[in-house]
Structure formats: structure tokens, C-alpha cells
Amino acid sequence: MPTAADIKARLMVGMEIHVELATRSKMFTSAPNVAHPDYFDAEPNSLCDPVVLGMPGVLPVMNRRAVEMSMLVGLALGCTINRKTKWDRKSYYYPDLPKNYQISQYDQPLCIDGSVESPVSDQPGAATRTIRIIRAHLEEDAGKLLHEAPGGFAIDYSIVDLNRAGTPLLEIVTHPDFDSAEQVVAFGQALRNICRFLGVTEGIMQKGHMRFEPNINVVIERDGKTYKTPIVEIKNLNSFKALHGAVNYEYQRQIDEWLETGVVMKAGAKSTRGWDDTTGSTFLQREKEEAHDYRYFPDPDLVHVVVDDAWMARVKAQLLELPLAREKRYIETLGMSVKDARALIDEPRACLFFEAVLAAGVDAKRASSIMLNNLAKRANERACRVDELGISASQVKAIADLSAADKIGSAAADDLIGLCCESANKDADPLKLAEQRGLLQVSDDSALDEWVQQVIAQNEKVVAQIKAGKESAIMSLMGGVMKLSKGKANAKVVQEKLRKALLG
Amino acid sequence: MPQKLTEQEVRHVAKLGRLRLGDHEVRQMTDKLSAVLDYVSKLNELDVSNVEPMAHAMDMANVLRDDVERPGLSIDLVLANAPEQSPPFIKVPKVIDDGGGA
Amino acid sequence: MDPTQTTLIGLRDAIAARKVSATETVKAYLHRIDRYNPPINAYHEVYDDLALKRAADVDAGNIKGPLAGVPIAAKDNMCTSYGRTTCSSRMLENFRAPYDCTAVKKLEDAGAIILGKTILDEFAMGSSTENSAFGPTRNPWDRDRVPGGSSGGSAAALAADLCAGSLGSDTGGSIRQPAALCGLVGLKPTYGRVSRYGLVAFASSLDQIGPFTRTVADSALLLQVMSGHDPLDSTSADIPVPDYVGELNQPLTGVRIGLAKQYLSDANDPVVAKAIDDAVAAFKKRGATIVEVDLPHTQYGIPTYYIVATAEASSNLARYDGVRYGHRTEHPEDLIDLYSRSRAEGFGPEVKRRIMLGTYVLSSGYYDAYYLRALKVRRLIKGDFDKAFEKCDAVLCPTTTGPAFRFGEKTDNPLEMYLNDVYTVNANLAGIPGVSVPGGFATVNGTKLPIGLQLLGKVFDESRLLRLAAVIEAEAGCSAQRPKL
């Protein structure tokens with residue numbers, strides 16, 4: 001029997017990713033969408049209308065926004081958008097699938113033949129690898145079948161919650177272009193960032209907004225011959241940790257199995273396994289023999305989607321600079337640190353506010369500092385996003401200008417920023433606010449000189465200490481000037497004057 | 001003349017369609033369906049090699065809805081026709097398998 | 001006046017002129033239903049209280065419209081938010097819909113009063129209304145004979161004057177054939193003319209709702225009210241609704257009537273053949289040209305229909321599983337048991353047969369040979385009509401080969417039953433409108449039995465179709481005739 005030492009093994013992974021789109025209403029009816037932030041906390045079965053419930057005589061009507069979101073993602077993935085696309089019914093019976101068929105796309109998907117330059121790991125500046133996208137199509141999500149009552153209580157029946165049924169779902173399928181778990185995870189993360197950036201999903205992994213199904217097999221070389229293990233599909237992974245664990249586990253498991261049984265890939269012999277987080281292993285769910293006959297046929301209740309040039313142009317105009325390119329620009333062109341760049345890009349809407357601040361004329365360093373320190377602090381306190389604080393990009397610019405001109409110190413700048421975040425000060429002129437609140441520094445030479453002289457005159461002992469070498473005592477003289485000026489003296493200039501006067 | 005369908009095929013189709021058929025029904029179904037399938041094979045007389053399939057009665061495109069939500073049904077109406085329920089959920093026998101085929 | 005013995009428009013006008021009140025009208029119909037429904041079983045549910053309440057509202061002037069106070073029956077596969085919608089099936093015996101069928105709602109918005117829901121072949125699958133789980137409906141002209149199907153209840157109800165008009169659905173002839181067998185005008189509109197929302201789907205690309213009436217003018221009125229685009233139905237046409245009633249009086253100059261030899265079969269009863277000849281003469285008298293047209297793929301309509309319709313039906317009926325609504329079996333062992341027993345108990349034999357057939361033709365390995373091929377033949381059938389309509393404006397043909405058959409005559413062999421639809425299915429496959437008009441009577445064993453003539457028209461050309469139907473109506477002179485009950 002061959003051993004691990006006799007062979008060379010190469011992992012092959014293709015990915016199927018399901019993305020829940022954050023439209024306001026469902027894919028084929030106007031009931032509210034659980035994947036939209038406004039409905040995250042909806043009570044079970046509260047987002048169901050007759051179409052969702054698959055009641056007799058009701059009919060599906062397509063959501064335009066879901067189609068457009070899918071086109072956006074397709075374009076971002078370099079896909080060709082099929083100018084004519086259709087809907088098919090995929091039949092199988094399950095309690096979370098109200099009609100006992102899913103409306104999906106079989107042979108004319110919305111997007112085909114794309115490719116992405118995906119980083120091979122999440123290290124900054126990592127090399128990229130071309131990942132080819134076979135297709136991306138739209139379908140409706142199923143509801144949820146639960147086997148314990150809410151709160152974890154055991155029940156001897158199962159229960160159905162159809163809130164998620166009918167949510168628009170974008171299914172993206174790649175070629176088996178991955179050969180490591182790191183690449184798979186990096187791609188998943190990049191895809192998540194792209195989708196969040198385009199505003200098509202909130203991408204909250206714990207809510208199942210993105211689900212991964214890696215298709216895994218191993219190419220083994222021994223004695224000049226090549227063997228391929230049977231393909232295994234791992235169902236429904238919804239965390240990057242699970243994705244990483246499952247891919248690595250399968251790689252090893254398949255090698256071990258081949259070493260023991262020698263079984264190789266046969267046409268159509270794909271098995272399905274699930275991932276168990278607690279044991280860190282995959283387990284068998286379904287062999288090919290029990291595979292479904294989905295009986296795909298064109299859905300007679302829905303008409304074709306024809307994408308003309310005008311529609312394509314409207315959608316293309318909504319495409320934004322994507323996260324990877326943006327990160328590169330922030331680091332290389334704007335000189336930001338990797339940490340700062342990633343922190344800014346992480347929240348798309350806040351990032352766009354940052355861009356607005358840059359566009360208003362604030363330099364990158366100061367802008368990112370304001371975003372990541374002054375504004376982030378307040379966003380945390382108010383449990384909202386930076387772009388929701390209420391301060392405008394032009395207000396940030398005005399405050400940044402005041403700082404740059406030394407008219408306010410850093411503490412005053414922070415105060416001003418805080419004031420502009422208050423709704424009463426919406427659109428207020430920061431200069432006027434600074435004047436009203438006495439935040440402006442005094443930088444006038446004669447005033448400062450006077451205070452400096454006064455303090456020197458009143459503190460002979462400290463002056464002597466400073467002249468003798470204890471430079472740190474300048475700070476106490478500083479304190480004196482600040483007191484005299486009621487805090488308005490330009491601290492930086494004062495310190496310079498003191499040093500000049502006492503140390504030459 | 002051999003029948004178009006075997007009883008085994010009928011049982012398979014009944015499983016696909018989730019219809020429980022007794023043995024007697026399987027036999028009857030096999031006979032009746034075989035007769036119909038025999039009759040519809042008449043379509044094989046035609047040459048359809050260059051014909052586009054017609055799945056819809058009218059050629060329409062782009063019937064699309066604005067993304068505006070409307071409230072769902074109240075939980076009472078959702079459950080009003082449900083044979084077994086544990087409000088707000090619908091009850092089914094305990095399921096211990098993988099989870100559908102999506 | 002007796003409000004139950006006039007035309008729909010006549011009754012509408014009488015109510016509007018206060019010659020008779022809506023309340024008197026509804027009471028008169030309810031009285032007739034009490035007396036004449038039990039032997040024919042046309043109605044499954046009657047909404048006495050609701051109807052009387054609406055009638056009171058009409059009389060008080062609170063409800064107005066072109067159908068104010070007119071009592072209508074609806075086929076029980078049209079969902080209403082009152083009463084139950086059963087599709088004459090045990091599967092939906094107690095189903096209460098929280099929504100309304102758009103077409104029914106449009107009639108109600110025009111002031112109509114829905115008297116009740118009528119019996120059908122279960123889930124609209126059948127041509128005799130023998131497949132109902134709640135007993136068959138009997139033809140008022142001869143109670144040993146079928147009223148036709150699947151809209152037998154709606155046809156029988158009107159034929160027996162248990163309503164002023166009724167609604168049916170037509171997937172392969174289920175309005176036109178019962179209309180012919182019961183002596184009524186039955187119209188299947190162009191596919192997409194009337195919304196399908198709330199109509200329990202049988203075959204989605206073939207189904208249409210349409211009216212049963214005594215006269216062509218009545219039909220024009222109901223069609224006008226129920227037609228129009230519905231945002232809840234993606235297949236409903238966004239095309240303006242003509243003034244069908246007003247346009248009835250437009251002249252028919254230069255019209256060309258097509259006759260296809262494929263419909264003039266030896267199998268036709270002599271009375272049917274003669275009715276065709278009489279109609280041809282009537283058209284000629286009015287200056288129409290008679291043109292020979294060829295519909296060479298006619299004979300492939302039935303096999304095409306029974307593949308396409310059952311395939312779609314097998315999918316449309318998958319939702320009936322006892323989980324969220326409908327019949328659920330008691331004490332299921334597991335999920336598969338829940339599904340397969342609930343469906344076995346809830347569905348009748350014909351429904352099961354069609355689900356099986358439809359599932360088979362879509363299944364792996366058979367899709368191309370059956371379903372895909374049928375979709376292609378469908379295109380050929382449509383092509384026949386496209387070519388024919390270059391030469392003519394409507395095709396004149398029988399609706400059925402003969403009058404109503406006896407109960408049980410065709411139930412042994414489903415194939416024989418399916419062949420009833422030979423003159424009607426092709427219109428559904430092609431999406432074109434068709435109307436059946438009373439064309440005369442056959443006398444069988446001393447009993448007078450109606451037969452119908454059919455006109456098949458171009459898409460969205462119902463206006464002309466109805467005008468042509470009025471010619472046959474005037475010529476045959478059967479509209480006022482009623483069965484002896």
C-alpha cells in the first residue's frame with residue numbers, strides 16, 4: 001500500500017458562493033426582505049405574503065433592483081452579462097421550500113465567463129492568482145427548517161420559518177482554480193468586500209448573508225501516474241474559519257482515503273459532506289446515487305429579461321472603484337498604512353465619506369486621522385457609522401484648514417468636530433462655531449510675547465532651573481501662560497518663545 | 001407489444017412526485033400511462049430539427065417591479081390554514097437529514 | 001319581471017332603472033338555487049348572506065358600476081377572501097384564501113354580486129366535471145349527461161338560470177366545451193388578456209379566465225370589465241382594453257372567414273356539420289368571404305397539450321403537500337410519509353395520473369424526447385394559425401364533435417376523454433382567443449341537446465371575434481332557449 005511519502009498531492013478547489021442581496025423586498029414579491037437591515041430582527045413568519053407561502057393561484061413578479069445588483073457583481077467579477085436571460089424551475093420537496101420548486105436559472109444565467117485577480121492570502125501586497133468565474137445567476141432563497149425551539153429547547157418535531165423564503169440569492173460559481181485553503185478564504189473575503197462595497201449585501205457572515213460550498217478534490221502523482229480523487233462538495237459554510245478548516249480537512253482526508261482505497265473520480269460521482277465545527281471534521285451527507293432529479297424546465301409564470309445597451313450603461317455607471325484597487329491606491333498613492341487603508345475600506349459607506357472629504361480638499365493623512373480617530377470615537381459612542389454622524393465633508397475641510405493654519409489646537413479641533421456632529425449644528429460654519437465657543441487660539445506675537453514675559457518675570461526660581469538644564473520645567477511655565485491666556489494661547493508658539501527666551 | 005412504462009419506473013416517478021401508490025394503483029397507473037405515452041409518441045412523426053421550443057404563449061420581456069416593500073400577512077393569516085402549528089412556526093415531523101437540495 | 005329570465009345586460013339595465021331591485025334579484029336567484037341546484041349540483045358553496053348584504057348596498061346606492069347588482073357565479077378554482085376555495089378537491093376542502101382573484105375582484109368593483117362558487121373537475125383537470133371530489137355536476141338539458149368540463153358547474157349554473165352570468169377557466173377547452181354542451185356563449189380570451197392572479201394554476205402557459213353568458217353582448221360586457229393589465233401577474237398583457245360592448249355594432253365589411261378541413265371531420269355529428277353550413281351561409285349573406293385555410297398540425301394538438309399541460313401541472317401542484325395549508329395526513333411517520341400520503345389522500349385519480357405523466361415527461365432522460373419535443377410542436381401549431389390569419393380574420397369550426405355524452409361513457413379510458421378536446425386545445429397552445437356560440441340542437445332519444453360553433457381569432461382581436469360570434473348567434477337563434485328543469 002502506498003504511503004504519503006510516495007506521492008505528490010495537489011489540492012483543487014472550485015467555489016460555489018451564495019450571496020443574499022439586500023434589496024428592500026423579496027426577489028419575486030413585495031414582502032419585506034430579511035437580508036435588509038431594516039428587517040434583520042423580524043419575528044418568525046412575519047415577512048410572508050401569499051406568494052412567499054406558495055398559496056394557490058399566486059404568481060411571481062421580478063424585483064428590478066435584484067437584477068441590477070446581480071449585474072453589478074457580475075461586472076465587478078469581469079463577467080459578460082447575458083443580454084437575454086430566463087428563469088427555470090428547480091423541483092425538489094422540502095418544508096423550507098414553499099412551492100416545492102425553486103425559481104432559479106439553469107441554462108441561460110445572467111452572468112458568465114468572468115475572472116478576478118484574487119489575492120492568494122490576506123497579507124498586504126500578496127501576489128494574486130487568476131480565478132475564473134463560470135457563471136453567476138439569480139434565484140430565490142429557501143426558508144429555514146429548525147430542529148430545536150428558539151432558545152435551544154428540544155422538540156420532537158421540526159418547525160418552519162419562512163421569513164428567508166424568497167430572498168434574492170446570487171449564486172456565483174468558479175472554476176476549480178484554487179489550490180490552497182488560504183487562497184479560497186482570501187477570495188471569499190475579497191468577494192465579500194466587493195459585494196459590500198457595491199452595496200448589494202451587508203455581508204454579515206453570522207446571518208448567513210454569504211454561504212460557501214467548496215468543491216474539493218486532490219490530484220495525486222505516484223510513479224509517474226496521475227490519479228484524481230472523487231469530488232466532494234461541502235455544504236453551507238458560513239464563516240471563513242469553517243471554510244479554511246473544511247478545505248484543509250478534506251485535503252488530508254481525501255489523500256488518506258485514496259491511500260487506503262485507491263478510489264478515483266468517476267463522471268458524475270460527486271458526494272456531499274457537511275462540516276462539524278465542534279469536531280473540526282467533515283461528515284458524509286449524500287452519495288451520488290441519492291442525487292436529486294431537479295427536472296429543470298422554463299418557468300411559464302416569468303418572462304425573459306432582456307438587457308439593452310441603455311440598461312447596461314445605467315448599471316455600469318453605478319460601478320465603483322473596487323476594494324482591492326482602492327486599497328492599492330490608498331497605500332501606494334496616498335501613502336497610508338495597510339492598517340489604516342483596510343480600516344477605511346472595511347465600511348463602504350464610511351469609506352465613501354472619506355473620499356468626499358478628500359474631494360473637498362483635505363490631505364489624505366489628516367483626513368484619515370480625523371476619520372479613524374476623532375470620528376470613529378464618536379461613531380462608537382453613538383453606535384452608528386461615521387457617515388451617519390451628521391458632520392459634512394465641507395465642515396471637515398473647514399476644521400482641517402483651521403488646524404493647518406494653527407488657528408486651533410488639536411483639543412479644540414476635536415471639540416469642533418464633536419460640535420459639528422450635533423444635529424443643531426448641521427451645516428454650521430466651523431469658524432463661526434469656533435469663535436462662539438472661544439476655541440480659536442491666539443497666535444498674535446505681541447500678545448504672546450507679553451504673556452511669556454509676564455510668566456518669566458513671575459517665576460524666577462523655575463527660570464533658573466531651566467537655565468540650569470532642567471528643560472522639562474518649561475512645561476510649568478507653559479501652564480502659566482495658558483492660565484494667563486485663559487487657554488487660548490497657541491501652545492506650540494508659546495513653547496517656541498519660551499525656549500528661545502530661556503535657552504537661546 | 002411491450003408497454004411504454006414498467007412498474008418500477010412508475011414507482012420511481014411516484015416517488016419523484018411524492019404520491020403514495022398502492023400496488024393495485026401502480027398496476028393501473030402503469031397501464032393507463034403507457035397507453036397515453038404510446039399515444040403522445042405520435043409527435044415523433046414530425047421533423048422538429050430546426051424549430052424553436054415555445055415555452056410561453058406570448059413573447060414578453062422585462063416585467064419588473066420597483067423595489068418597494070409591502071407588509072407581510074399577520075401571523076394569524078399565515079397560520080390560519082396551517083394543519084399543524086406551534087405559533088409562530090408551522091410544524092412538521094422531525095427531520096434528521098442534510099437539508100433539502102438547494 | 002322575472003330577473004332570472006332575462007339577459008345579463010337586460011337585468012343590469014332593469015336594476016339601474018329600478019324596475020327590479022338588486023335584493024329582489026338575489027332573492028329570486030337564491031330561491032332558484034334552493035330548488036334547482038340539488039339535482040344538478042352546480043354550486044358547491046352559496047354565499048346567501050354576503051350576497052344579500054351587497055344587494056342591499058346596491059339598492060342603497062352605495063355600490064355603483066356597470067355590473068351593479070348582477071349576480072355572478074365563480075368557478076371554485078378562483079380564490080376569494082370569503083368562503084372557501086376548494087378546486088373541487090379534498091386537498092383544498094377547507095382552504096380559505098387571504099386574497100382575491102383579480103378577475104373576480106374586478107367584477108365586484110364594477111358592482112357584481114358573487115353568488116357562490118361552482119363545481120369543477122378537480123383542479124380543472126377534465127372534460128366532464130365527473131372528476132369533482134364533491135359529486136359531478138349534471139347537465140340541466142339532460143341530467144344523465146355531463147355538462148362538459150372542467151367548468152361544468154359554472155356552465156350548468158347559468159344554463160339553469162341560477163345566476164346571470166358565470167366565470168370559468170379554459171386550459172384546453174374548459175370554458176368553450178361546456179358552453180357548447182350547455183347552450184351558452186363561452187369565451188376564452190387571448191392569453192394574457194385577463195389576469196391569472198388568484199386563479200389556481202393548472203397549466204400556467206395555457207390557463208385563462210373567461211365568461212359564460214347567454215348572449216354575445218353579455219360576454220362583451222363581462223370581458224370588458226375583467227380584462228386588463230395586472231401588476232401581480234407577469235404574464236398579463238399591458239395592452240389597452242377596447243370598448244368591446246361599444247364595438248359590437250361596428251360593421252364587418254370585408255371580413256374573411258377561414259374554414260379548415262382538419263376541423264370538418266367525418267366524426268362530427270350531422271347536426272354540427274349542418275350548423276357549420278348554416279353559419280357559412282349567414283356569413284356569406286353579410287358579405288363575408290369564405291376562405292379555405294390549412295392547419296396541418298391540428299392532429300398533434302392533443303398529444304402536445306397532454307405533455308405540456310401535465311408537465312406544468314405536475315410542477316404547479318407540487319405545492320399541495322399538507323405543510324402550510326390543505327389536507328395533511330394523520331400521524332405521518334416522517335417527512336416523505338407526510339408528503340406522499342397527504343397527496344395520495346387529497347388528490348383524485350385523474351389528478352394523480354396527470355401529475356405522474358407530467359413528472360415523467362420532465363424527468364431525467366425523458367425531457368428531450370417528450371417535453372422539449374412538445375414545445376417545438378407547439379411552435380408549429382402556432383405557426384399554422386399565423387399563416388392562416390394572413391388569409392382570414394377568424395377560423396370557423398365546431399367546438400365539439402357532438403352533444404353532451406352520458407356519465408361514465410368516457411371514464412374507462414382516459415385517452416377517449418382526452419380526445420374530446422380536439423377542437424379546443426390548439427387555441428390554448430397558440431395563445432389565441434376562441435369563443436363558442438350556441439349553434440343549434442341535436443335530438444338524442446327525444447331529448448334536445450345543444451351543440452356549439454367555435455370561432456378562433458387573432459391575438460387581442462376579441463372585438464372582431466365577438467362581432468362575428470353575434471352573426472352566428474343571430475342566425476342560429478338559440479340564445480333565449482332554456483332547458484326544462
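What percentage of the 504 residues of chain A count as buried, and which are the buried residues of helix H6 of chain A?

A: This is a predicted model, in which local features need pLDDT of at least 70 and side-chain atom pairs count only at pLDDT 80 or more, while totals for chains, interfaces and linings use all residues; side-chain values use heavy atoms, without hydrogens and water. Residues are numbered from 1 along each chain as its sequence is written, with chains lettered from A and ligands numbered from 1 in the order in which they are written.

Of the 504 residues of chain A, 55% count as buried, that is, under 20% relative accessible area with a 1.4 Å probe and protein chains only. Chain A has 15 helices and 18 strands, taken as DSSP runs (H or I, at least four residues; E, at least two) numbered from the N terminus. Its radius of gyration is 31 Å, well over the 23 Å of the globule rule, so chain A is more spread out than a compact globule; the radius is taken over C-alpha atoms, and the rule is 2.2 Å times the number of residues to the power 0.38.

Within this chain, helix H6 spans residues 338–346, and its buried residues are A:Ala341, A:Leu344 and A:Ile345. They cover an arc of only 95° around the axis, which puts them on the same side of H6(A); the arc is that of the directions from the helix axis to the C-beta atoms. In general, an α-helix has 3.6 residues a turn, so residues three or four places apart point the same way. What covers the buried residues of H6(A) includes helices H2 (181–197), H5 (323–332), H7 (348–359) and H8 (364–382) of chain A, where contact means heavy atoms within 4.5 Å.

How values were computed: Buried < 20%, exposed > 50% of the residue type's maximum accessible area, 1.4 Å probe, protein only.
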